[in-house]
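Welcome, and please open the model in your viewer. We will go from stop to stop, selecting residues as we go.

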Amino acid sequence: SPGRARHINASRRACLVARFGFIYAQERFDAETLLRTYISDVEMVQRIIYTAAVESFYAAKMAYWKFKIHVKEVLSLGHSGPESLEDTVLDYIVCHKDEYDVHASVKEVIRSMNINPKISFPPEIDFIVLSTLIQELCSLAFSMQTLIPPLDVAFGIDGELFNESKYYRSSDSDFTAAFVAYHVWPALVEDGVVIVKGEVVTRR
């Protein structure tokens with residue numbers, strides 16, 4: 001049906017936001033447990049997982065825009081309506097998400113993590129141990145790009161002023177500290193407005 005993706009936007013959005021919450025609550029925890037068998041430094045473990053989440057969203061967004069351009073070029077050749085070309089493209093992507101090469105995005109994320117100066121791994125293992133989490137995040141982030149408006153993770157930097165409308169403090173935080181020492185999980189935003197808070201550690 002014309003504009004189907006737009007018509008079911010609200011229900012898709014609710015499912016994807018719930019999925020983001022589940023990954024935070026369960027799959028992030030599983031990844032943290034796995035990493036702590038290799039790394040004793042809890043801060044480094046949490047930094048690695050946060051970086052994986054942010055890089056996954058970035059890689060998936062880039063892949064989405066490339067995919068969208070390709071689909072638009074193909075569909076424009078025979079498009080005649082009744083819905084707009086933009087809606088036709090969106091409907092196609094929503095119905096054919098399995099054409100997204102998520103494994104290429106996973107490789108891209110791992111490549112980016114390997115050159116990130118803020119995180120490191122013992123030499124005997126590799127970020128590939130996080131492939132399952134990264135794949136889930138990339139798939140989720142790709143689907144979030146098909147929403148109107150799309151959802152994204154908020155940009156965060158070490159040392160930023162703590163914002164309680166954007167983040168929760170981790171239990172091991174200094175609750176009197178005004179600045180973010182590091183990020184545990186990104187906030188989810190829609191048109192610049194936080195809809196799911198992230199998690200940070202604050203310290204003096």
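Is strand S3 (residues 180-185) largely enclosed or exposed, and why? Select S3: five of its six residues are buried, so the strand is largely enclosed by the rest of the structure. Buried means under 20% relative accessible area, exposed over 50% and partly exposed in between, with a 1.4 Å probe and protein chains only. Strands (E, at least two residues) and helices (H or I, at least four) are DSSP runs numbered from the N terminus.

Before moving on, note that this is a predicted model, in which local features need pLDDT of at least 70 and side-chain atom pairs count only at pLDDT 80 or more, while totals for chains, interfaces and linings use all residues. Residues are numbered from 1 along each chain as its sequence is written, and side-chain values use heavy atoms, leaving out hydrogens and water.

Click Val180 to find its bridge partner in S6, Thr202.

Next, select Phe57. Its contacts (heavy atoms within 4.5 Å), leaving aside neighbours within four places in sequence, include Phe20, Leu137, Met144 and Leu188.

For the last stops, look at the backbone. Most residues other than glycine have a negative phi, and most peptide bonds are trans. Asp191, in the loop between strand S4 (188-190) and strand S5 (193-196), has a positive phi near 55 degrees. Asp191 counts as exposed because its relative accessibility is 66%. Finally, go to Ile148 and Pro149, joined by a cis peptide bond with omega about -5 degrees.

Conventions:
Two strands pair if DSSP finds at least two bridges between them.
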